[in-house]
Amino acid sequence: MSHCCCTLDHPDSTRTLAGAIAPRLGPGDVLLLGGGVGAGKTHFARALIQSRLSAPEDVPSPTYTLVQCYATPTCEIWHADLYRLGDPAEVIELGLTEAFDTAICLVEWPDRLGDLAPGKALSLEFAHGSDDETRHLEISWSDPRWTDRIAGLCGD
């Protein structure tokens, strides 16, 4: 397992990082966004999605809908918030497992996936920092295809 860590000292830093990762993604890429409530998962996902859209669009949290889909010029983006998921089998009903192969998928609360979490995914674990605006981020992966794509993002 490879990883890198960084400190995001302001919400704008999170937005900048999301914008830097966004063009490196394509169909079949899955980002597992972990961390507690208010740690920055949705802010990161919203910024990444908005950076890929051809026209500005509201990007609400999918807390109640579970999944929101966005058409971009190159592929579809699925944003899932699995906090309210009752059973990992519901992931299949949502069509998320199929989207793992065909879309860019951003999954909040990935622990709810259980055994359905794709091994090829990039994991981003957000944590609160020393003040209200600071976040710590650990990015980890086991699939070697992420190594070059992540290079330079964490100040390594």
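Which residue stands opposite Ser-140 in E7? It is His-3, shown here in a predicted model.

**View 1. Strand E7 and its pairing with strand E1.** Strand E7 covers residues 135-141. Strand E1, made of residues 2-8, runs antiparallel to E7 and is joined to E7 by 7 bridges. Within this pairing, His-3 is the residue opposite Ser-140.

**View 2. The hairpin of strands E6 and E7.** E6 and E7 form a hairpin, with 6 residues lying between the two strands. Strand E6 spans residues 122-128 and is antiparallel to E7, with 6 bridges between them. Ser-123 is placed opposite Ser-140 of E7, the residue that His-3 also stands opposite.

**View 3. Burial of strand E7.** Of the 7 residues in strand E7, 5 are buried, so the strand is largely enclosed by the rest of the structure. E7 is joined by bridges to E1 and to E6.

View 4. Glu-108 belongs to strand E5, residues 104-108. Glu-108 is buried but has no salt bridge. The nearest side chain of opposite charge is that of Lys-41, at 4.8 Å; the cut-off for a salt bridge is 4 Å between a side-chain nitrogen of Lys or Arg and a carboxyl oxygen of Asp or Glu. A polar contact of 2.6 Å links the side chains of Glu-108 and His-79. Leaving aside residues up to four places away in sequence, Glu-108 touches Leu-33, Lys-41, Thr-42, Ala-45, His-79, Ala-80, Asp-81 and Leu-82.

Key
Residues numbered from 1 in each chain as written. Predicted model: local features only at pLDDT ≥ 70, side-chain atom pairs only at ≥ 80, totals over all residues. Heavy atoms only, no water. Buried < 20%, exposed > 50% of the residue type's maximum accessible area, 1.4 Å probe, protein only. Helix = DSSP H or I, 4+ residues; strand = E, 2+ residues; numbered from the N terminus. Pairing = 2+ DSSP bridges. Lys, Arg positive; Asp, Glu negative; His and termini not counted. Polar contact = N/O pair within 3.5 Å; in protein donor to acceptor, adjacent residues only side chain to side chain. Contact = heavy atoms within 4.5 Å.
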